[in-house]
Amino acid sequence: MIAEINKQARLSEHLTSSSVATLGNLSELNCTRLSPHFTLAEMCKTSAKTADGNIPSHVHIENLKRLCGWLEMLRDEWNKRYAGSKMADGRWKMGDDPIIINSGYRSPAVNKAVGGAQNSNHLTGCAADIRCLGIEQALRYATILLDISDESQEDFDELLIERSPKGTYWVHFAVRPNDNRMKIRLIQT
């Protein structure tokens, strides 16, 4: 029981702490775009200090690009639905809220250090944990991702709303190149 609590605390700290990428040249990685709004550095950031530097392979990067396609659609739809504001002339101005990633790709060493699952989709670059301001935003993100799946007729692997022992929420979203399971769990602690 105590080991599980410690594991959850390490994972929670990894997900909620402000962290920097531990990859080689940060400015170069910040410039490596996986999509219009997501960089390789942000999809590989971690607070865990490991000897391997948490550097993804080309296959992992391709998986991250696929995942970022979904994250771009989430960002676009979130801003259409919830981040707009009414201008003086009565028209709606679109919002520009970012989608903030707590954790994306994890090397085996990073995954072990943060207490991640042994078969985590993070290990292959197929998953991201998306920061949420609270349960309402987590539910709205989940709804949008389900709508995107329905409208595109594309499957995802996992859509989980998770909560840390400290009460912070995030959405774990994963999409694999194939064999997606459409696993949905709400409020997993």
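User: Helix 4 passes helix 6 in this model. Which hand does the crossing have, left or right?

Analyst: The model is predicted. In it, the crossing of helix 4 with helix 6 is right-handed.

User: Where do these helices lie in the chain, and at what angle do they cross?

Analyst: Helix 4 covers residues 58-81, and helix 6 covers residues 135-152. Their axes come within 10 Å and cross at roughly 115°.

User: Which residues make the contact?

Analyst: Helix 4 brings Trp70, Met73, Leu74, Glu77, Trp78 and Arg81. Sort the contact by class: eight residues are nonpolar, three are polar and four are charged.

User: Why are Glu77 and Arg81 about one helical turn apart?

Analyst: Because they sit four residues apart in helix 4.

User: How many salt bridges are there in the whole structure?

Analyst: A search finds 11.

User: Now the surface. Which residues form the nonpolar patch?

Analyst: Ile135, Leu139, Ile184, Leu186 and Ile187. Together they have about 390 Å² of accessible area.

User: Which elements give two or more residues to the patch?

Analyst: Helix 6 and strand 9, which spans 183-188. Strand 9 gives the largest share, three residues. Ile187 lies in strand 9.

Methods. Residues numbered from 1 in each chain as written. Predicted model: local features only at pLDDT ≥ 70, side-chain atom pairs only at ≥ 80, totals over all residues. Heavy atoms only, no water. Axes fitted to C-alpha atoms, helices over the stretch in contact; angles between N-to-C directions. Left-handed = near helix turned anticlockwise from the far one by under 90°. Contact = heavy atoms within 4.5 Å. Nonpolar A, V, L, I, M, F, W, Y, C, P; charged D, E, K, R; others polar. Patch = residues over 30% accessible without salt bridge, like charges linked within 9 Å, V, L, I, M, F, W, Y side chains within 5 Å. Areas by Shrake-Rupley, 256 points an atom, 1.4 Å probe, with all protein chains shown as cover. Salt bridge = Lys/Arg side-chain N within 4 Å of Asp/Glu carboxyl O.
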